[in-house]
Amino acid sequence: MSDSHGPQEDLAYLKRLVAEPHDRPLQAAAALLWGGGLYGAQCFVQWLQAIGRVNLSPLAGLAVGLGPTIVFLIVLTILVKRDGAAFPKGGAAARAANGAFAAIGLTNLAMIMVFGFNAWRRADFLIWELYPAVVFALQGAAWITVYTIRRQGWALVVGLGWLVSSVLLGLLIGTSTYVLVAAVALILLMALPGLVILRRAG
């Protein structure tokens with residue numbers, strides 16, 4: 001802002017920073033839709049297997065375990081190549097929101113190593129089941145950050161939904177309902193918001 005600007009010009013400048021009309025995080029929205037859909041479906045199939053409704057062969061089980069990650073990585077690669085950047089440029093609000101999710105993503109990688117290593121070292125799968133609960137809490141933090149930036153009530157609802165889901169996972173560790181809660185959360189709190197953002201952007 002220049003000192004020669006009046007209060008109205010300064011106010012207009014600040015409003016443009018936080019509400020630019022071209023801020024359309026389509027890449028991130030597509031990633032949310034694909035990630036939530038793929039991993040939500042994976043958890044749902046695993047829940048069906050846990051309650052005895054589905055009996056998967058070892059090969060099918062491997063496909064369910066690794067398939068979503070392989071497909072998701074392919075989708076991410078296509079999105080990055082198509083849009084030319086892993087974190088598309090935009091206004092200050094878009095960059096802040098993207099930064100929050102990028103930080104959460106890097107933190108998730110660290111948590112994978114922490115929980116994965118200790119689960120392997122102690123041969124205790126329950127330790128690994130703590131990891132999704134942490135991821136869900138971090139997702140909640142990211143969405144609440146988006147709410148504080150954009151003041152969109154639905155983002156707060158999504159953030160609180162992630163936090164509630166995190167607590168539920170912590171309470172349900174070792175039960176078949178654990179995977180069902182994860183499936184529902186991934187579809188409603190990740191895939192659905194991604195679809196809404198894409199539809200609103202046209």
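Predicted model: local features only at pLDDT ≥ 70, side-chain atom pairs only at ≥ 80, totals over all residues.
1. Overall make-up. The secondary structure of the chain consists of seven helices and zero strands. Read from the N terminus, the order of elements is α-α-α-α-α-α-α.

2. Burial and surface. The chain has 202 residues, and 32% of them count as buried.

3. Contact range. Among contacts in the chain with a separation of 6 or more, 70% come from residues 24 or more positions apart.

4. H5 against H6. Two packed helices are described by the angle between their axes and the distance between the axes. Helix H5, residues 125–150, packs on H6 at an angle of about 165°, and the axes are 7 Å apart. H5 is therefore roughly antiparallel to H6, since the angle is over 145 degrees. The crossing of H5 and H6 is left-handed. By class, the residues of this contact of H5 with H6 are 16 nonpolar, seven polar and no charged.

5. H6 against H7. Helix H6 covers residues 153–172 and helix H7 covers residues 177–200; their axes come within 9 Å and cross at roughly 165°. H6 and H7 are therefore roughly antiparallel to each other. H6 passes H7 in a left-handed crossing.

6. Residues between H6 and H7. On the H6 side the contact is made by Trp-154, Val-158, Gly-161, Trp-162, Ser-165, Leu-168, Leu-169 and Leu-172. H7 contributes Thr-177, Tyr-178, Val-181, Ala-182, Ala-185, Leu-186, Leu-189, Met-190, Pro-193, Ile-197 and Arg-200. Sorted by class, the contact of H6 with H7 has 15 nonpolar, three polar and one charged residues.

7. Ile-112 lies in helix H4, which spans residues 92–122. Is this residue buried, partly exposed or exposed? Ile-112 has a relative accessible area of 35% and is therefore partly exposed, as the cut-offs are under 20% for buried and over 50% for exposed. Leaving out residues up to four places away in sequence, Ile-112 touches Phe-117, Trp-128 and Tyr-131. Pro-132 is 20 residues from Ile-112 along the chain, and the C-alpha atoms of the two are separated by 9.4 Å.

Terms used:
Residues numbered from 1 in each chain as written. Heavy atoms only, no water. Axes fitted to C-alpha atoms, helices over the stretch in contact; angles between N-to-C directions. Helix = DSSP H or I, 4+ residues; strand = E, 2+ residues; numbered from the N terminus. Parallel < 35°, antiparallel > 145°, perpendicular 65-115°, else oblique. Left-handed = near helix turned anticlockwise from the far one by under 90°. Contact = heavy atoms within 4.5 Å. Nonpolar A, V, L, I, M, F, W, Y, C, P; charged D, E, K, R; others polar. Buried < 20%, exposed > 50% of the residue type's maximum accessible area, 1.4 Å probe, protein only.
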